[in-house]
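Visitor: I would like to learn how to read the packing, pairing and charge contacts of a model such as this one. Could we go through them in turn?

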Amino acid sequence: MNSKWHGEQCPVCFKGTLADGVRNEKVTYQGAIFQYAQSGAYCSNCGDGIVTGDTYSDEEWVRFRAAVDASIAAEMEVIRNELHLSKSEVADLVGGGKNGFTRYVNQETRPTPAVWNLMRAMHKHPELVTN
């Protein structure tokens, strides 16, 4: 079944015609890549288009993010243990308050990219971490 945009003039370039189709898209989240098929009506001239939502892809995205967040939380805990630091010592180093690190590893809060990058840097260069 065609969308309501199929066969319409492109609203971006006004030169092409929209045709229903599916494109493979990629989104990077915390360094991991999520690939999905995006349906929509795409222009024959400029390639731009009007995308349509897909509940299944939205559910996959939520599961993907949860899996990435869980992996990061587990790795942060491994790094903390390898550096022989308490949770409060890590919180002092990366910020987030007294219980910040605990909230990260319990997945109550997502660490910012800066916090996650700092944790990975400390893991790669433990000599920079002083107790």
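This is a predicted model: local features need pLDDT of at least 70, side-chain atom pairs count only at pLDDT 80 or more; totals for chains, interfaces and linings use all residues.

Visitor: At what angle do α2 and α4 pack, and how far apart are their axes?

Guide: Helices (H or I, at least four residues) and strands (E, at least two) are DSSP runs, numbered from the N terminus. Axes are lines fitted to C-alpha atoms, for helices over the stretch in contact, and angles run from 0 to 180 degrees between N-to-C directions. Here α2 (residues 87-94) and α4 (residues 113-124) pack at about 115°, with their axes 10 Å apart. V90, L93 and V94 of α2 meet V115, L118, M119 and M122 of α4 (contact means heavy atoms within 4.5 Å).

Visitor: How do the strands of the sheet pair, and in what order do they stand?

Guide: Strands of a sheet pair through backbone hydrogen bonds, either parallel or antiparallel. In this model three strands form an open sheet in the order β1-β2-β3, with antiparallel pairing (two strands pair if DSSP finds at least two bridges between them). Since β1 and β3 stand at the edges, each with a single partner strand, one side of each is left without a neighbour in the sheet. Twelve bridges link β1 (residues 18-29) to β2 (residues 32-43), and E25 stands opposite Y36 in β2. Between β2 and β3 (residues 49-51) there are three bridges, and Y42 faces G49 in β3.

Visitor: Which residues take a positive phi in the hairpins?

Guide: Q30 has a positive phi near 50° in the hairpin of β1 and β2, which has two residues between the strands, and G47 has one of about 85° in the turn of the β2 and β3 hairpin, where five residues lie between the strands.

Visitor: Which residue forms a salt bridge with D69?

Guide: Side chains of opposite charge can pair when their charged atoms come close. R110 is the partner of D69, the closest N and O atoms being 2.6 Å apart (a salt bridge is a side-chain nitrogen of Lys or Arg within 4 Å of a carboxyl oxygen of Asp or Glu). R110 lies in the loop between α3 (100-105) and α4, and D69 in helix α1 (residues 55-82), so the pair ties together parts that are 41 residues apart in sequence.

Notes: Residues are numbered from 1 along each chain as its sequence is written. Side-chain values use heavy atoms; hydrogens and water are left out.
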